[in-house]
Amino acid sequence: MDRLAIVVPCYKEEEVVEICSQALRDVIEDLIAKQKISEDSFILFVNDGSKDLTWPLIAQEHERYPDRVKGVNLAGNVGHQHALTAGLVTATQWCDMAISIDADLQDDVAVIEEMVDSFHAGNDIVYGVRNDRSSDSFFKRFTAQGFYKFMDLMGVKTVYNHADFRLMSKRALEFFGQYKESNLFLRGIMPTIGYNTSCVYYSRKERVAGKSKYPLKKMLALALNGITSFSIKPISLILGLGIGIIGLSLVAAVYALVEHFLGNTVPGWTSLMLSIWFLGGCELLAIGLVGTYVGKIYMEVKQRPRYNIEQILE
(Lines give C-alpha, C1' and ligand atoms only; values in the text may rest on other atoms or scores of the structure.)
Protein backbone atom coordinates (compact mmCIF):
# COMPACT_ATOMS: atom_id res chain seq x y z
CA MET A 1 0.00 0.00 0.00
CA ASP A 2 1.01 3.62 -0.54
CA ARG A 3 2.51 5.74 2.20
CA LEU A 4 0.78 9.05 2.89
CA ALA A 5 2.42 12.18 4.31
CA ILE A 6 0.29 15.07 5.55
CA VAL A 7 2.42 18.24 5.45
CA VAL A 8 1.35 21.02 7.83
CA PRO A 9 3.18 24.40 7.75
CA CYS A 10 2.94 26.22 11.09
CA TYR A 11 3.67 29.79 12.13
CA LYS A 12 2.75 30.79 15.66
CA GLU A 13 0.16 28.02 15.91
CA GLU A 14 0.69 26.94 19.52
CA GLU A 15 -3.08 27.01 20.14
CA VAL A 16 -3.82 24.45 17.43
CA VAL A 17 -0.84 22.07 17.16
CA GLU A 18 -2.25 19.40 19.50
CA ILE A 19 -5.80 19.74 18.10
CA CYS A 20 -4.49 19.47 14.56
CA SER A 21 -2.31 16.48 15.42
CA GLN A 22 -5.24 14.63 16.97
CA ALA A 23 -7.57 15.31 14.04
CA LEU A 24 -5.04 14.25 11.40
CA ARG A 25 -3.94 11.17 13.34
CA ASP A 26 -7.58 10.10 13.50
CA VAL A 27 -7.85 10.49 9.72
CA ILE A 28 -4.69 8.43 9.15
CA GLU A 29 -5.79 5.66 11.52
CA ASP A 30 -9.16 5.49 9.78
CA LEU A 31 -7.57 5.22 6.33
CA ILE A 32 -5.17 2.54 7.58
CA ALA A 33 -8.10 0.56 8.99
CA LYS A 34 -9.79 0.78 5.59
CA GLN A 35 -6.53 -0.40 3.98
CA LYS A 36 -6.26 2.68 1.78
CA ILE A 37 -2.81 3.75 2.98
CA SER A 38 0.16 1.98 4.58
CA GLU A 39 0.67 1.72 8.34
CA ASP A 40 3.79 3.90 8.24
CA SER A 41 1.90 6.96 6.99
CA PHE A 42 2.61 10.11 8.97
CA ILE A 43 2.11 13.82 9.67
CA LEU A 44 4.96 16.24 8.97
CA PHE A 45 4.73 19.53 10.86
CA VAL A 46 6.92 22.36 9.54
CA ASN A 47 7.73 25.13 12.00
CA ASP A 48 8.29 28.36 10.08
CA GLY A 49 10.56 30.07 12.59
CA SER A 50 7.84 30.55 15.22
CA LYS A 51 8.98 32.24 18.42
CA ASP A 52 6.16 30.86 20.57
CA LEU A 53 5.65 27.26 21.74
CA THR A 54 4.87 25.86 18.29
CA TRP A 55 8.10 23.88 17.92
CA PRO A 56 8.22 22.53 21.51
CA LEU A 57 4.64 21.31 21.04
CA ILE A 58 5.54 19.65 17.74
CA ALA A 59 8.49 17.96 19.46
CA GLN A 60 6.14 16.85 22.24
CA GLU A 61 3.74 15.31 19.72
CA HIS A 62 6.69 13.51 18.12
CA GLU A 63 7.74 12.07 21.48
CA ARG A 64 4.20 10.84 22.14
CA TYR A 65 3.63 9.43 18.66
CA PRO A 66 7.10 8.85 17.10
CA ASP A 67 5.75 6.61 14.34
CA ARG A 68 2.99 8.99 13.36
CA VAL A 69 4.33 12.54 13.84
CA LYS A 70 7.49 14.01 12.31
CA GLY A 71 8.76 17.56 12.42
CA VAL A 72 10.90 20.02 10.47
CA ASN A 73 12.20 23.14 12.22
CA LEU A 74 13.30 25.98 9.95
CA ALA A 75 16.08 28.23 11.24
CA GLY A 76 14.05 31.37 10.52
CA ASN A 77 10.73 32.63 9.26
CA VAL A 78 10.62 32.30 5.47
CA GLY A 79 6.88 32.61 4.81
CA HIS A 80 4.06 30.15 4.19
CA GLN A 81 4.96 29.25 0.58
CA HIS A 82 8.61 28.50 1.36
CA ALA A 83 7.76 26.61 4.55
CA LEU A 84 5.25 24.46 2.69
CA THR A 85 7.85 23.84 -0.03
CA ALA A 86 10.38 22.75 2.60
CA GLY A 87 7.86 20.26 3.97
CA LEU A 88 6.90 18.86 0.56
CA VAL A 89 10.50 18.50 -0.59
CA THR A 90 11.47 16.82 2.69
CA ALA A 91 8.48 14.46 2.61
CA THR A 92 9.18 13.39 -0.99
CA GLN A 93 11.89 10.94 0.10
CA TRP A 94 9.57 9.21 2.58
CA CYS A 95 6.16 8.99 0.90
CA ASP A 96 4.20 7.90 -2.16
CA MET A 97 1.76 10.81 -1.90
CA ALA A 98 1.57 13.98 0.18
CA ILE A 99 -1.31 16.20 1.25
CA SER A 100 -0.70 19.81 2.26
CA ILE A 101 -3.08 21.43 4.71
CA ASP A 102 -2.96 24.41 7.08
CA ALA A 103 -2.82 23.86 10.84
CA ASP A 104 -5.96 25.89 11.54
CA LEU A 105 -8.14 23.01 10.20
CA GLN A 106 -10.36 25.35 8.22
CA ASP A 107 -9.97 22.90 5.34
CA ASP A 108 -12.20 19.87 5.85
CA VAL A 109 -10.11 16.83 6.81
CA ALA A 110 -13.08 14.60 5.95
CA VAL A 111 -12.33 14.97 2.22
CA ILE A 112 -8.81 13.59 2.64
CA GLU A 113 -10.26 10.14 2.02
CA GLU A 114 -11.75 11.38 -1.26
CA MET A 115 -8.33 12.72 -2.23
CA VAL A 116 -6.72 9.36 -1.54
CA ASP A 117 -9.43 7.58 -3.54
CA SER A 118 -8.83 9.97 -6.44
CA PHE A 119 -5.10 9.26 -6.23
CA HIS A 120 -5.78 5.52 -6.44
CA ALA A 121 -7.99 6.22 -9.46
CA GLY A 122 -4.90 7.54 -11.29
CA ASN A 123 -4.73 11.26 -10.48
CA ASP A 124 -1.37 12.75 -9.57
CA ILE A 125 -2.69 16.06 -8.22
CA VAL A 126 -6.00 16.39 -6.41
CA TYR A 127 -7.12 19.95 -5.58
CA GLY A 128 -9.25 20.76 -2.56
CA VAL A 129 -11.74 23.35 -3.80
CA ARG A 130 -14.19 25.37 -1.73
CA ASN A 131 -17.78 25.00 -2.90
CA ASP A 132 -19.02 28.05 -0.97
CA ARG A 133 -17.75 31.00 1.06
CA SER A 134 -20.69 31.42 3.41
CA SER A 135 -18.36 31.32 6.42
CA ASP A 136 -16.42 34.37 5.14
CA SER A 137 -17.26 37.98 5.77
CA PHE A 138 -18.55 39.98 2.80
CA PHE A 139 -15.20 41.76 2.47
CA LYS A 140 -13.19 38.51 2.55
CA ARG A 141 -15.55 36.86 0.07
CA PHE A 142 -15.48 39.86 -2.29
CA THR A 143 -11.69 40.24 -2.24
CA ALA A 144 -11.05 36.48 -2.59
CA GLN A 145 -13.31 36.10 -5.60
CA GLY A 146 -11.89 39.27 -7.11
CA PHE A 147 -8.40 37.82 -6.60
CA TYR A 148 -9.10 34.71 -8.69
CA LYS A 149 -10.85 36.67 -11.43
CA PHE A 150 -8.03 39.21 -11.62
CA MET A 151 -5.41 36.45 -11.77
CA ASP A 152 -7.29 34.89 -14.67
CA LEU A 153 -7.47 38.29 -16.40
CA MET A 154 -3.70 38.65 -16.02
CA GLY A 155 -3.14 35.25 -17.64
CA VAL A 156 -2.15 33.36 -14.49
CA LYS A 157 -3.54 29.82 -14.58
CA THR A 158 -5.03 28.86 -11.20
CA VAL A 159 -7.80 26.62 -9.87
CA TYR A 160 -10.74 28.79 -8.81
CA ASN A 161 -11.37 28.79 -5.04
CA HIS A 162 -8.36 26.57 -4.39
CA ALA A 163 -5.66 27.59 -1.91
CA ASP A 164 -2.96 25.12 -0.79
CA PHE A 165 -5.06 22.13 0.27
CA ARG A 166 -4.06 19.45 -2.24
CA LEU A 167 -2.71 15.94 -2.75
CA MET A 168 0.38 15.28 -4.86
CA SER A 169 1.78 11.94 -6.01
CA LYS A 170 5.45 11.10 -5.62
CA ARG A 171 6.24 11.81 -9.26
CA ALA A 172 4.44 15.16 -9.05
CA LEU A 173 6.44 15.97 -5.92
CA GLU A 174 9.70 14.99 -7.62
CA PHE A 175 8.92 17.20 -10.61
CA PHE A 176 7.92 20.06 -8.30
CA GLY A 177 11.33 19.70 -6.64
CA GLN A 178 12.91 20.84 -9.92
CA TYR A 179 11.34 24.31 -9.53
CA LYS A 180 14.17 26.36 -8.02
CA GLU A 181 12.64 29.85 -8.13
CA SER A 182 12.66 32.05 -5.05
CA ASN A 183 9.43 33.91 -5.81
CA LEU A 184 7.06 31.07 -5.04
CA PHE A 185 3.37 31.09 -5.86
CA LEU A 186 2.34 27.45 -5.47
CA ARG A 187 -1.23 27.95 -6.71
CA GLY A 188 0.22 29.01 -10.05
CA ILE A 189 3.03 26.45 -10.15
CA MET A 190 0.91 23.33 -9.58
CA PRO A 191 -1.18 23.62 -12.78
CA THR A 192 2.07 23.83 -14.81
CA ILE A 193 3.22 20.40 -13.60
CA GLY A 194 0.73 18.60 -15.79
CA TYR A 195 -0.22 14.94 -15.16
CA ASN A 196 -3.78 13.86 -14.39
CA THR A 197 -5.65 16.10 -11.98
CA SER A 198 -9.03 16.18 -10.27
CA CYS A 199 -10.87 18.18 -7.61
CA VAL A 200 -12.73 17.42 -4.41
CA TYR A 201 -15.17 19.98 -3.02
CA TYR A 202 -15.81 21.01 0.57
CA SER A 203 -17.11 23.80 2.79
CA ARG A 204 -14.47 25.71 4.70
CA LYS A 205 -14.86 26.02 8.46
CA GLU A 206 -13.90 28.61 11.06
CA ARG A 207 -10.46 28.37 12.67
CA VAL A 208 -10.45 25.91 15.58
CA ALA A 209 -8.34 28.37 17.61
CA GLY A 210 -5.95 31.29 17.28
CA LYS A 211 -5.94 34.11 14.73
CA SER A 212 -5.40 34.17 10.99
CA LYS A 213 -1.77 34.67 9.93
CA TYR A 214 -2.87 36.01 6.54
CA PRO A 215 -4.18 39.57 6.95
CA LEU A 216 -5.15 41.74 3.99
CA LYS A 217 -1.59 43.04 3.58
CA LYS A 218 -0.20 39.54 3.10
CA MET A 219 -3.04 38.58 0.77
CA LEU A 220 -2.28 41.57 -1.45
CA ALA A 221 1.44 40.74 -1.40
CA LEU A 222 0.65 37.15 -2.40
CA ALA A 223 -1.55 38.35 -5.27
CA LEU A 224 1.14 40.74 -6.55
CA ASN A 225 3.76 38.00 -6.27
CA GLY A 226 1.56 35.59 -8.19
CA ILE A 227 0.88 38.03 -11.02
CA THR A 228 4.49 39.17 -11.46
CA SER A 229 5.84 35.61 -11.16
CA PHE A 230 3.69 34.18 -13.94
CA SER A 231 2.67 36.99 -16.26
CA ILE A 232 4.19 39.93 -18.14
CA LYS A 233 0.73 41.17 -19.04
CA PRO A 234 0.97 44.19 -16.67
CA ILE A 235 3.96 45.45 -18.67
CA SER A 236 1.99 44.93 -21.89
CA LEU A 237 -0.87 46.96 -20.41
CA ILE A 238 1.53 49.78 -19.52
CA LEU A 239 2.85 49.70 -23.08
CA GLY A 240 -0.72 49.90 -24.40
CA LEU A 241 -1.47 52.78 -22.04
CA GLY A 242 1.62 54.63 -23.27
CA ILE A 243 0.59 54.19 -26.90
CA GLY A 244 -2.93 55.38 -26.08
CA ILE A 245 -1.65 58.50 -24.33
CA ILE A 246 0.61 59.31 -27.29
CA GLY A 247 -2.42 58.99 -29.57
CA LEU A 248 -4.47 61.33 -27.38
CA SER A 249 -1.57 63.78 -27.28
CA LEU A 250 -1.45 63.91 -31.10
CA VAL A 251 -5.21 64.55 -31.22
CA ALA A 252 -4.83 67.31 -28.63
CA ALA A 253 -1.96 68.84 -30.62
CA VAL A 254 -4.05 68.96 -33.80
CA TYR A 255 -6.96 70.48 -31.86
CA ALA A 256 -4.69 73.11 -30.27
CA LEU A 257 -3.22 74.03 -33.66
CA VAL A 258 -6.67 74.44 -35.25
CA GLU A 259 -7.88 76.57 -32.34
CA HIS A 260 -4.75 78.74 -32.63
CA PHE A 261 -5.40 79.55 -36.28
CA LEU A 262 -9.08 80.25 -35.52
CA GLY A 263 -8.04 82.70 -32.85
CA ASN A 264 -9.74 80.81 -30.02
CA THR A 265 -6.69 80.47 -27.80
CA VAL A 266 -7.78 80.27 -24.15
CA PRO A 267 -5.44 79.93 -21.14
CA GLY A 268 -5.66 76.26 -20.04
CA TRP A 269 -3.96 76.07 -16.67
CA THR A 270 -6.35 73.42 -15.31
CA SER A 271 -6.08 71.10 -18.30
CA LEU A 272 -2.31 71.52 -18.31
CA MET A 273 -1.94 70.64 -14.65
CA LEU A 274 -4.27 67.65 -14.93
CA SER A 275 -2.29 66.38 -17.91
CA ILE A 276 1.00 66.72 -16.06
CA TRP A 277 -0.32 64.94 -12.98
CA PHE A 278 -1.88 62.16 -15.05
CA LEU A 279 1.23 61.56 -17.11
CA GLY A 280 3.42 61.79 -14.03
CA GLY A 281 1.31 59.16 -12.28
CA CYS A 282 1.49 56.86 -15.34
CA GLU A 283 5.28 57.24 -15.44
CA LEU A 284 5.67 56.43 -11.74
CA LEU A 285 3.36 53.43 -12.11
CA ALA A 286 5.33 52.15 -15.08
CA ILE A 287 8.67 52.65 -13.32
CA GLY A 288 7.40 50.88 -10.21
CA LEU A 289 6.06 47.95 -12.21
CA VAL A 290 9.25 47.50 -14.19
CA GLY A 291 11.19 47.85 -10.93
CA THR A 292 9.17 44.99 -9.44
CA TYR A 293 10.17 42.70 -12.29
CA VAL A 294 13.80 43.82 -12.11
CA GLY A 295 13.77 43.19 -8.36
CA LYS A 296 12.48 39.68 -8.91
CA ILE A 297 15.23 39.01 -11.43
CA TYR A 298 17.74 40.34 -8.87
CA MET A 299 16.44 37.93 -6.22
CA GLU A 300 16.46 34.97 -8.59
CA VAL A 301 19.97 35.42 -10.04
CA LYS A 302 21.55 35.43 -6.57
CA GLN A 303 20.27 31.84 -6.12
CA ARG A 304 20.25 32.01 -2.35
CA PRO A 305 18.80 29.04 -0.43
CA ARG A 306 15.04 29.37 -0.03
CA TYR A 307 15.07 28.01 3.52
CA ASN A 308 17.42 26.52 6.12
CA ILE A 309 16.37 23.37 7.96
CA GLU A 310 17.74 23.49 11.48
CA GLN A 311 16.34 20.19 12.77
CA ILE A 312 14.32 17.21 11.58
CA LEU A 313 12.40 14.90 13.89
CA GLU A 314 11.87 11.57 12.14
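Two strands count as paired here if DSSP finds at least two bridges between them. Helices (H or I, at least four residues) and strands (E, at least two) are themselves DSSP runs, numbered from the N terminus. The model is a predicted one, so to speak of a local feature takes a pLDDT of at least 70, and side-chain atom pairs count only at pLDDT 80 or more, while totals for chains, interfaces and linings use all residues. Residues are numbered from 1 along each chain as its sequence is written, and side-chain values use heavy atoms, with hydrogens and water left out.

An open sheet of eight strands runs in the order β7-β5-β6-β4-β1-β2-β3-β8, and its pairing is mixed. The edges belong to β7 (197-203) and β8 (309-313); each has a single partner strand, so one side of each is left without a neighbour in the sheet. Neighbouring strands are turned against each other by 20 degrees on average, direction ignored. For these angles, axes are lines fitted to C-alpha atoms (for helices, over the stretch in contact), and values run from 0 to 180 degrees between N-to-C directions.

Helix α2 (residues 54-64) lies across β1 (4-10), β2 (42-47), β3 and β8, at about 155 degrees to β3. Helix α3 (residues 80-92) lies across β1, β2, β3, β4 (97-100), β6 (162-169) and β8, running at about 155 degrees to β1.

Helix α2 also meets helix α1 (residues 17-33): their axes come within 9 Å and cross at roughly 35 degrees. This crossing is right-handed, meaning that the near helix is turned clockwise from the far one by less than a right angle. On the α1 side, V17, E18, S21 and R25 make the contact, and on the α2 side T54, L57, I58, Q60, E61 and R64 do. Contact means heavy atoms within 4.5 Å.

How much of the protein is tucked away? Buried residues make up 46% of the 314 residues, where buried means under 20% relative accessible area, exposed over 50%, and partly exposed in between (1.4 Å probe, protein chains only). One of them is L31 in helix α1, buried with a relative accessible area of 1%. Leaving aside its neighbours within four places in sequence, L31 is in contact with L4, K36, I37, I112, E113 and V116. L31 and L4 are 27 residues apart in sequence and 9.8 Å apart in space, C-alpha to C-alpha. Across the protein, 84% of contacts between residues at least 6 apart in sequence join residues at least 24 apart.

T92, in helix α3, is buried too, at 11% relative accessible area. A polar atom of the T92 side chain lies 2.7 Å from the backbone oxygen of L88. Beyond its neighbours within four places in sequence, T92 is in contact with K170, L173 and E174.

Finally, the cysteines. With a disulfide taken as a pair of cysteine sulfur atoms within 2.5 Å, the count comes to zero. The closest cysteine sulfur to that of C20 is in C10, 6.5 Å away and too far for a bond. C20 is buried at 0% relative accessibility, and C95 is buried at 2% relative accessible area.

Terms used. Polar contact = N/O pair within 3.5 Å; in protein donor to acceptor, adjacent residues only side chain to side chain.
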